[in-house]
Amino acid sequence: MQTVDDIIANFEILDELDDRYRYLIELGRELAPLPAEAHDEANRVRGCASQVWLETTVDAGSGPEPVLRFRGDSDAHIVKGLIYLALALYGGRPASEIAATDATPLFAKLGLGGHMTRQRSNGFAAMVERIRADARRALSGEGAADARAALH
């Protein structure tokens, strides 16, 4: 997976909005496949117009605080690219960093903020909130998947 800095650098050389969207779609194609069994209600992100699934793994034994890893999928190409952005920004980081990181500045740096439809912006916000909520649950000692399952 590319780093956020690499993604920003690549977006900076793309002048046209269409080129930026094509690159976003290309990023989505790089997502590792999410197994069919992970396309379940516990992993479904609510608040997205498209179907979006995020699987969270909490590694509680790798340091002073839990580290979260994510896998995701969607039925929409651009949304897959947005998932890639979210995973590049948040994946493999300590829970406290994830909970404290706002994704809005990334959108501004990529030049996407004012060009996304309201539905896509709301869907991305729902993904980010889900990721940050999983981080807060991990910090509280509650497993992300266990906490979501308790909601159903």
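Reply: Helices (H or I, at least four residues) and strands (E, at least two) are DSSP runs, numbered from the N terminus. By that rule, Arg20 has its place in helix H2. The model is a predicted one, in which local features need pLDDT of at least 70 and side-chain atom pairs count only at pLDDT 80 or more, while totals for chains, interfaces and linings use all residues. Residues are numbered from 1 along each chain as its sequence is written, and side-chain values use heavy atoms, with hydrogens and water left out.

Me: How many helices and strands does the protein have, and in what order do the elements run?

Reply: The protein has 7 helices and 3 strands. From the N terminus on, the order is α-α-β-β-α-β-α-α-α-α.

Me: Why is Arg20 called buried?

Reply: Buried means under 20% relative accessible area, exposed means over 50%, and partly exposed lies in between (1.4 Å probe, protein chains only). Arg20 has 15% relative accessibility and therefore counts as buried.

Me: Which residues does Arg20 touch, not counting those up to four places away in sequence?

Reply: Contact means heavy atoms within 4.5 Å. On that basis Arg20 touches Phe11, Glu12, Leu14, Leu110 and Gly111. Arg20 and Asn10 are 10 residues apart in sequence, and their C-alpha atoms are 9.0 Å apart in space.

Me: Why is Glu30 called partly exposed?

Reply: The relative accessibility of Glu30 is 45%, so Glu30 counts as partly exposed. Glu30 lies in the loop between H2 and S1. Leaving aside neighbours within four places in sequence, Glu30 is in contact with Gln2 and Tyr84. Glu30 and Gln2 are 28 residues apart in sequence, with 9.5 Å between their C-alpha atoms.

Me: What makes Asn43 buried, and which backbone oxygen does its side chain reach?

Reply: Asn43 has a relative accessible area of 7%, and therefore it is buried. Asn43 also lies in the loop between H2 and S1. A polar contact is a pair of N or O atoms within 3.5 Å; within protein, one must be able to donate a hydrogen and the other to accept it, and residues adjacent in sequence count only if both atoms are side-chain atoms. The side chain of Asn43 reaches the backbone oxygen of Ala38 at 2.9 Å.

Me: Is Pro64 buried or exposed?

Reply: Pro64 has 90% relative accessibility, so Pro64 counts as exposed. Its place is in the loop between strand S1 (52-59) and strand S2 (67-74). Pro64 and Tyr23 are 41 residues apart in sequence and 36 Å apart in space, C-alpha to C-alpha.

Me: How do you know that S1 and S2 pair?

Reply: Two strands pair if DSSP finds at least two bridges between them. S1 and S2 have 8 bridges, in the antiparallel sense; Thr56 stands opposite Phe70 in S2. S2 also pairs with strand S3 (residues 93-94), in the antiparallel sense, over 2 bridges. In S3, Arg93 is the bridge partner of Leu68.

Me: What makes S1 and S3 edge strands?

Reply: The 3 strands form an open antiparallel sheet in the order S1-S2-S3. S1 and S3 are the edge strands: each pairs on one side only.

Me: Why is S2 called largely enclosed by the rest of the structure?

Reply: Of the 8 residues of S2, 6 are buried, so S2 is largely enclosed by the rest of the structure.

Me: What makes a set of residues a nonpolar core, and how many residues has the largest one here?

Reply: A nonpolar core is a set of buried Ala, Val, Leu, Ile, Met, Phe, Trp, Tyr and Cys residues joined through side-chain atoms within 4.5 Å. The largest here has 44 residues, and Ile7 and Met127 have the most contacts inside it. Among the elements that give two or more residues to this core are helix H1 (4-12), S1, S2 and helix H6 (118-139). H3 gives the most, with 11 residues. Beyond four places in sequence, the contacts of Ile7 include Tyr23, Leu85 and Leu110.

Me: How do you know that the radius of gyration agrees with that of a compact globule?

Reply: The radius of gyration is taken over C-alpha atoms, and the globule rule is 2.2 Å times the number of residues to the power 0.38. For 152 residues, a compact globule would have a value near 15 Å; the protein has 15 Å, which agrees. Of these 152 residues, 45% count as buried.
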